[in-house]
Amino acid sequence: MSAEIKFRHYFVDEAGDLTFFDKKGRIIVGQPGASKFFMVGVAQISDPEQVTWELNALRASLITHPRFKNIPSMQPEAKKTAITFHAKDDHPEIRENVFELMQSFDIKVFIAIRSKAEIAESAKANFKSLGTKLQQNAIYDDLITRVFKNLLHKADVIHIAIARRGKAAREEALEQAINQAQKNFESQWKISSNSSIMIEPTYPSEVAGLHIDYYLWAVQRCYERDDDQFFLPLAKKYRLIMDLDDNRNKPYGEWYGDRNPLTLKKLKEARSK
């Protein structure tokens, strides 16, 4: 009897933006329209079909609820909550319902985070000395490589659904980033991976698993606003949060997880260094 084929389903999204400078080349990180941090997250979902069904059922019940019928984001023409949940667009009461449901999902979340202030200062120095400009896609691809490094060797078939960035699918660049993650894992641990990997750039409205943006939004609130009220109920879902620019203790950053839980106190200490 042949061995059973093992599948893994990953869903990838981002939070924050990659705006660093104004038109005059001045750093505007943390100012209106430019976040302080940029992060890429991966959700490992054991049963994507069940998650899809439950989220669709919740949205259907909320759309028909008399209390929410006049909320602008719930109108089909707005192409927001009526089409798909999205943490930053959803009405607070809608968001509360989604967060409540997400606590029951069998999901593991992995996130890689960059401090944009650190990137901006480095980019400014590089431009001054070498004349090279900052490449936004390179930042994104590097985070993809980092967050997937230890996730690609435990299944025969790996399906990765990645939220599109704008209109470009960028399949080739994403494939290179994933391949580099495999190489980095093999180089460190001397273990090769023979997994078959399928990469699917898509939109959140097409794949419910991309509601990982809710998990990212909760962490983003911690970093941007010192607000952990949304993070704490989901804390056990986060298997690894890599704060790559917090080099106080280790050169490769601060790793948060079960052994080192993320807290607002730790974030404040890191930013006051």
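**Helix packing and nonpolar cores in a predicted model**

Good morning. The axes of helix α2 (residues 92-102) and helix α6 (residues 212-225) come within 11 Å and cross at roughly 105 degrees. Helices here are DSSP runs of H or I with at least four residues, numbered from the N terminus. Axes are lines fitted to C-alpha atoms over the stretch in contact, with angles from 0 to 180 degrees between N-to-C directions. α2 and α6 are therefore roughly perpendicular to each other, a term that covers 65 to 115 degrees.

A word on the source. This is a predicted model, in which local features need pLDDT of at least 70 and side-chain atom pairs count only at pLDDT 80 or more, while totals for chains, interfaces and linings use all residues. Residues are numbered from 1 along each chain as its sequence is written, and side-chain values use heavy atoms, with hydrogens and water left out.

Which residues of α2 meet α6? They are R95, V98, F99 and M102, and their partners in α6 are Y214, Y215, W217 and A218; contact means heavy atoms within 4.5 Å.

I turn now to the cores. A nonpolar core is a set of buried Ala, Val, Leu, Ile, Met, Phe, Trp, Tyr and Cys residues joined through side-chain atoms within 4.5 Å, buried being under 20% relative accessible area with a 1.4 Å probe, protein chains only. The largest core has 48 residues, of which I111, Y215, V219, Y223, Y238 and I241 touch the most other members. Helix α6 gives the largest share of this core, 9 residues.

Finally, P48 lies in helix α1 (residues 48-63) and, at 17% relative accessibility, counts as buried.

Methods:
Helix = DSSP H or I, 4+ residues; strand = E, 2+ residues; numbered from the N terminus. Parallel < 35°, antiparallel > 145°, perpendicular 65-115°, else oblique. Buried < 20%, exposed > 50% of the residue type's maximum accessible area, 1.4 Å probe, protein only.
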